[in-house]
Amino acid sequence: MRKILGFLCVICIALSLVGCSALDGNIDTLLSPPAPSGELRNVWQVLQKSAGADITLKYPSSGEYRSAIIEKDLNSDGTNEAVAFYSTTLDNVTTMHISFIAKNGDEWLSGGDASLVATGVEKVEFADINGDGIDEIVVSWNVYSTVEKSVGVYSADGSGLTTRILESQTAFICKDFDFDSNPDILIINRDTKKAVSTAKLLDLTSDGVKEIGSCALDAAVTEYLEPVTFALGNKTAVYIDGIKGTGMITEMLVIENGAISNLSFSGNKNTAFDTF
């Protein structure tokens, strides 16, 4: 008993001498997510077989779906498909991957992969944007930080996984803005290099990506909060709160008949003062 107590004392003294610095920045290396179990274990084995064993599962940091492997019935046939997110690293460059895995009878099979240079997954949504009865996969990627992001829209079917949209964004909303019964993608983007901010509404059709409309936002805004939308009869209004200087502004967009208007601008200047 004395030997055990003595050993514990030595460990405590050693830790007190090292302090917290020995653990700083290394918490992620000490924590590892549990291995997938049940049906997801079979999906994980297929993923490792197709992508290799040296991969790291990546978990969305916000939104409804927080798993690195998401089961979802994309085509409403009563059978779940799987979407997996993982990363690989080569020469200190991290590449994010989205993988589609479908079920054929009782067997899971790899159905395609798409990738981009990024650091993480922020949010995942599912929506039938092109109206073909199959949900698209909408992913917000953290590219270099939580500020520089992109949104990707992917279609998964028998031919594999296809990238339909990949755009830089600061925030986005997937919603039926033009009341055609199919969701659209509203992209709000602050381009720090060009010092401009824009809002752009995109639709996805059988012919490809269609820009419904766009407008300028206040270029002096340095950060955006989550936009809020609501219906105004046959119009859609979007409130966008942003940090500007030492205060905040609210920009109000109205979407109607394929056009976006920013009602917050004062006169002919592309700046919002009245809602400061």
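Two strands pair if DSSP finds at least two bridges between them, and strands themselves are DSSP runs of E with at least two residues, numbered from the N terminus. The structure is a predicted model, in which local features need pLDDT of at least 70, side-chain atom pairs count only at pLDDT 80 or more, and totals for chains, interfaces and linings use all residues. Residues are numbered from 1 along each chain as its sequence is written, and side-chain values use heavy atoms, with hydrogens and water left out.

**Strand β3 and its partners**

- Strand β1 (residues 56–57) runs antiparallel to β3 and is joined to it by two bridges; leucine 57 has tyrosine 86 as its bridge partner in β3.
- Four bridges connect strand β2 (residues 69–72) with β3, again antiparallel, and isoleucine 70 stands opposite valine 83.
- Nine antiparallel bridges pair β3 with strand β4 (residues 93–104), where histidine 97 is the bridge partner of tyrosine 86.
- Seven of the ten residues of β3 (residues 81–90) are buried, that is, under 20% relative accessible area with a 1.4 Å probe and protein chains only.

**Salt bridges**

- Six salt bridges occur in the structure, each being a side-chain nitrogen of Lys or Arg within 4 Å of a carboxyl oxygen of Asp or Glu.
- In one of them, the closest N and O atoms of glutamate 122 and lysine 149 are 3.1 Å apart. Glutamate 122 lies in strand β6 (residues 120–127) and lysine 149 in strand β8 (residues 149–157), so the pair ties together parts 27 residues apart in sequence.
- Lysine 244 and aspartate 218 form another, with closest N and O atoms 2.7 Å apart, and both residues are buried.

Conventions. Buried means under 20% relative accessible area, exposed over 50%, partly exposed in between (1.4 Å probe, protein chains only).
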